[in-house]
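Walk me through this chain, from its overall build down to single side-chain pairs. Keep the cut-offs in view.

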Amino acid sequence: MIEDFFSPLISEFQITYRYKVHFTKDIFQIDNPVLRNFFISEKKQGLVKKVMVVLDERLIQYHPNLVSDIKNYFQDLETFLQLTGDIIQIPGGEECKNNQELWEFLVNAVNTNGVDRHSYFLVIGGGAILDLVGYVAAVSHRGIRLVRIPTTVLSQNDSGVGVKNSINYQGKKNFLGTFAPPVAVFNDLRFLESLDDRDWRSGMAEAVKVALIKDKDFFHRIESNASALLNRNLNTMANLIHRCAELHMDHIANGDPFEFGSSRPLDFGHWSAHKLEYLTQFSLRHGEAVAIGMALDTVYSYQKDFLSKDDCIRILSLLKTLGFSIYHPMLSDGEKRNLYLGLEEFREHLGGQLTIVLLAEIGKSLEVHEMDLKTIDTSVNFLETYL
């Protein structure tokens with residue numbers, strides 16, 4: 001019957017994603033079984049899988065034996081796992097996400113090395129290089145298995161344990177990207193020891209962020225351990241990373257992992273942070289920009305009578321105690337027009353209704369769907385003069 005042609009067909013199905021975040025130290029030492037056990041658990045009879053390794057070239061300065069350690073580690077797995085030629089070393093940092101030639105180079109490497117959907121990308125580096133390689137993995141052959149080894153505080157407690165991948169495009173941060181979970185993540189404490197003070201500190205901003213919106217007790221723990229964190233106590237940092245990663249993963253699993261809605265609680269402080277990164281030509285680390293963005297939205301929450309003065313001062317004080325600046329002149333650039341543009345770009349990136357996460361109290365967030373430009377202005381001025 002011709003009428004049947006006009007009857008709609010409905011397809012509905014669910015896909016379950018599951019991946020582990022492992023915590024270890026000296027992952028490529030021969031006697032460390034953590035990574036080896038993962039690949040053995042993935043082994044399929046009669047199938048030799050390929051592994052393409054990409055790492056941040058700056059790691060070699062601090063870990064000169066890293067390439068040889070990786071090759072030696074995989075020798076015991078050669079019966080079912082094969083490294084694809086030379087280990088690829090590329091520059092990390094946010095600039096790698098701005099470099100389209102790097103993206104094309106990696107896609108070409110997938111092609112020339114015959115890396116297929118049963119193969120693995122093993123990426124070692126900070127959040128930016130994880131984003132870049134993750135995007136290449138997600139779009140090549142519609143999905144190559146991604147194993148992440150984050151090497152910074154920021155990537156171990158935030159971006160490296162999540163489901164996003166992206167590159168920057170058209171002058172906008174994360175304009176091109178995918179939601180593609182990794183198959184496994186391995187946080188190695190040894191890599192943190194080689195971080196400079198800025199990168200060590202930068203990652204703590206995301207821990208403060210998730211504590212502010214989700215866990216008051218965690219905020220108190222960060223306050224109590226601020227001195228130890230600032231003085232690079234590795235055990236204290238390990239505890240911070242583990243709890244922060246746990247909170248992020250819990251949100252992803254029990255919230256809106258692929259962000260079909262307009263609410264993004266984990267982006268507290270990020271609407272202005274993303275714009276600040278571009279306005280400063282990425283001279284600000286992501287975590288440094290997030291700290292300033294959180295300070296701005298904290299003061300805005302106070303100015304709008306959502307947040308108490310005491311909580312506002314405690315938050316700003318913690319950020320400063322951890323060594324963060326809470327103001328940057330680019331916030332005021334062009335009579336703040338660039339900052340207002342950042343708000344619109346954030347709305348566009350979210351799609352649909354503008355949704356900004358603010359604070360009702362430490363550990364409790366609220367959402368608003370409009371921002372008062374006059375209050376943004378006074379909040380910026382507050383930060384500029386805050387001692």
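What follows goes from the whole chain to a few local sites.

This is a predicted model: local features need pLDDT of at least 70, side-chain atom pairs count only at pLDDT 80 or more, and totals for chains, interfaces and linings use all residues. Residues are numbered from 1 along each chain as its sequence is written, and side-chain values use heavy atoms, with hydrogens and water left out.

Start with the whole chain. Its secondary structure comes to 19 helices and 11 strands. These are DSSP runs, numbered from the N terminus: helices are H or I with at least four residues, strands are E with at least two. The C-alpha atoms fill a box of roughly 75 × 65 × 35 Å along the principal axes.

Of the 387 residues, 51% are buried. Buried means under 20% relative accessible area, exposed means over 50%, and partly exposed lies in between (1.4 Å probe, protein chains only). The chain exposes about 18,100 Å², and carbon and sulfur atoms supply 48% of it. Accessible areas come from the Shrake-Rupley method with a 1.4 Å probe; for residues, only the protein chains shown count as cover. Among contacts (heavy atoms within 4.5 Å) with a separation of 6 or more, 78% are between residues 24 or more positions apart.

Now turn to Asn32. It sits in the loop between β1 (20–24) and α2 (34–41). Asn32 counts as buried because its relative accessible area is 7%. What does the side chain of Asn32 join through a polar contact of 2.9 Å? The partner is the side chain of Thr24. A polar contact is a pair of N or O atoms within 3.5 Å; within protein, one must be able to donate a hydrogen and the other to accept it, and residues adjacent in sequence count only if both atoms are side-chain atoms. A polar atom of the Asn32 side chain also lies 3.0 Å from the backbone oxygen of Lys25. Leaving out residues up to four places away in sequence, Asn32 touches Thr24, Lys25, Asp26, Ile27 and Tyr73. Thr24 lies in strand β1. Thr24 is buried too, at 13%. With the same exclusion of residues up to four places away, Thr24 touches Asn32, Val34, Asn187, Asp188 and Leu189.

Salt bridges come next. The rule asks for a side-chain nitrogen of Lys or Arg within 4 Å of a carboxyl oxygen of Asp or Glu. The count comes to 24. One of them joins Arg190 and Asp26, at 2.8 Å from N to O. Arg190 lies in helix α9 (residues 189–192) and Asp26 in the loop between β1 and α2, so the pair ties together parts that are 164 residues apart in sequence. Arg190 is partly exposed at 29%, and Asp26 is partly exposed at 25%.

A local case is Glu344 with Arg347, at 3.0 Å from N to O. Both lie in helix α18 (residues 337–350), 3 residues apart, about one turn of the helix. Salt bridges that share partners also join Glu94, Lys97, Asp131, Lys173 and Glu277 into one network.
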